[in-house]
Amino acid sequence: MTAQSTSTASGFAPAAAAGATPVEPFDRSTQNEIAAVTITPVAFKDPPLLNTVGVHEPYALRAIVQVTTRSGLTGLGETYGDAPHLHRLSLAADAVVGINVFDTNRLRFAVAQALTADTSQGGHGMSGMVTGSSTADRVLSPFDVAALDVQGKILGVPVSSLLGGAIRPEVAFSGYLFYKWAGHPGSGSDEFGEALTPEGIVEQARQLVDGYGFSALKLKGGVFEPDQEIAAMLALADAFPDLGLRLDPNAAWSVETSLRVAKALESSLEYLEDPTPGLAGMAEVRRGTTLPLATNMCVVSFADVKPAVEQGSIDIVLSDHHFWGGLTRSRTLGGLAESLDWGLSMHSNSHLGISLAAMVHLASATPSLSYACDTHWPWKQPDEDVVTHDLSFVDGSVLVPTGPGLGVELDVDGLAKLHEQFLESGITQRDDTGYMQRFQPDYTVASPRW
Ligand SMILES: O=C([O-])C(=O)C[C@H](O)[C@@H](O)C(=O)[O-]
Ligand SMILES: [Mg+2]
């Protein structure tokens, strides 16, 4: 998908324009205007990771956004690859042509305006585990990241410098543990093997800690009876007494069950993530436990912040530049967390190297970040990516790239291969539930389930 045009930028969205007078960008050079946008959907291999809505399909989808200026510089962004999201990205791609890459406010309003007539539903790339986040912010995100990548290349500085400067030279990540089948049905065992018991989870944790040196671990729960997940967390606490532990059932529990689990794990976790659905339910759980409550489900956009504060729903918000409007707006979230005295952590979906680089730059330049960031990285095949880079995990952390922009280079062959894989996969929209039902036809989703 390519949008190429010489038209000028779209105007400001009416709501955003109220009280604001559009001015000429400081950089009048047309050389830094966006001349073309290319959107390439890709698919990469993903193991059968279980969660409360089903199981990951054999391929995870992403879309790679390339933004090229009139001077021929290209910036990269990465986002979800579901069909409705691809459609919205293409609407936005047309709208951003002609905008100067330094004018990220204008990018935001052009994207919002391009989506006003869009009536397509769904396709948010999260298989139902994040609801209510802002569609415009999701679509904006890869354009914002790509614009910052180009800005960095023009100025010869890393993206972290454009976000206020790295205040830490490396970013700590948390290993992401999943219950999983040995392999996708019919394809034998993968290199991680089965993890369906507390012992299996401890063994998986050992693999991740040995391979990456993580200092924190998060278990994706909401898969088995809460007592089994409590047992898994206690076994992890026993095996890894020095690591920060988190449990995230993606709102699979009632308030009552959440309080029971919180009591059992009160001295073993650094936080409990989204035990129960909704701001009110979270607030009720929070009143009954001393365990900090974190979320990437009930506070997922700026509109959620005020009611969450009013109701006292959370202690920690998980940022994620993919649904908080890119790196520029994620900085705003960092500032809000700081002033609200919320802890700040970072959420992750299955992702490739562009997103890893963006996460590292953002985390390095976010003073209020108070926890190791989630990453799905270990579940990706090392030979599948769309960029070349020297990002690697040492003692659970990734060094912040110091080269211009994101510090990653497009791997044209890698991109072509993963695009081909996307076409061959036949997957057009993430559907963990539908995939699960192919093997367990009576499987249903419930929130809360227990
Ligand atoms: O923290 C979370 O809620 C997630 O990471 C949601 C993800 O979608 C994860 O559960 C997954 O991919 O199965
Ligand atoms: Mg979560």
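Me: Which residues of helix α3 are buried, and what makes a residue count as buried?
Reply: The buried residues of α3 are Thr-104, Arg-106, Leu-107, Arg-108, Phe-109, Ala-110, Val-111, Ala-112, Gln-113 and Ala-114. A residue is buried if 20 or more other C-beta atoms lie within 10 Å of its own, exposed if 12 or fewer, and partly exposed in between, with C-beta atoms placed from the backbone. Ten of the eleven residues of α3 are buried, and the helix is mostly covered. This is a predicted model, in which local features need pLDDT of at least 70 and side-chain atom pairs count only at pLDDT 80 or more, while totals for chains, interfaces and linings use all residues. Residues are numbered from 1 along each chain as its sequence is written, and chains are lettered from A and ligands numbered from 1 in the order in which they are written.

Me: Why is Ser-29 called partly exposed?
Reply: Ser-29 is called partly exposed because 13 other C-beta atoms lie within 10 Å. Its place is in the loop between α1 (14–17) and β2, the elements being DSSP runs numbered from the N terminus (helices H or I, at least four residues; strands E, at least two). The C-alpha atoms of Ser-29 and Gly-403, 374 residues apart along the chain, are separated by 24 Å.

Me: How do the axes of α3 and α4 cross, and which residues make the contact?
Reply: The axes of α3 (residues 104–114) and α4 (residues 135–155) come within 9 Å and cross at roughly 145°, the axes being lines fitted to C-alpha atoms over the stretch in contact and the angles running from 0 to 180 degrees between N-to-C directions. The contact is made by Thr-104, Leu-107, Arg-108, Val-111 and Ala-112 of α3 and by Ala-136, Val-139, Leu-140, Phe-143, Asp-144 and Ala-147 of α4, where contact requires C-beta atoms, placed from the backbone, within 7 Å. These residues divide into eight nonpolar, one polar and two charged.

Me: What does α4 give to the side of domain 1 that touches domain 2?
Reply: The chain is divided into domain 1 (2–155) and domain 2 (160–407), with bounds that come from an automatic or database domain assignment, and 40 residues of domain 1 are in contact with 44 residues of domain 2. To the side of domain 1 that touches domain 2, α4 gives the most, with twelve residues. By class, that side has 18 nonpolar, 13 polar and nine charged residues. The centres of the two domains, taken over C-alpha atoms, are separated by 24 Å.

Notes: Two residues are in contact if their C-beta atoms, placed from the backbone, lie within 7 Å. Ala, Val, Leu, Ile, Met, Phe, Trp, Tyr, Cys and Pro count as nonpolar, Asp, Glu, Lys and Arg as charged, and the others, Gly among them, as polar.
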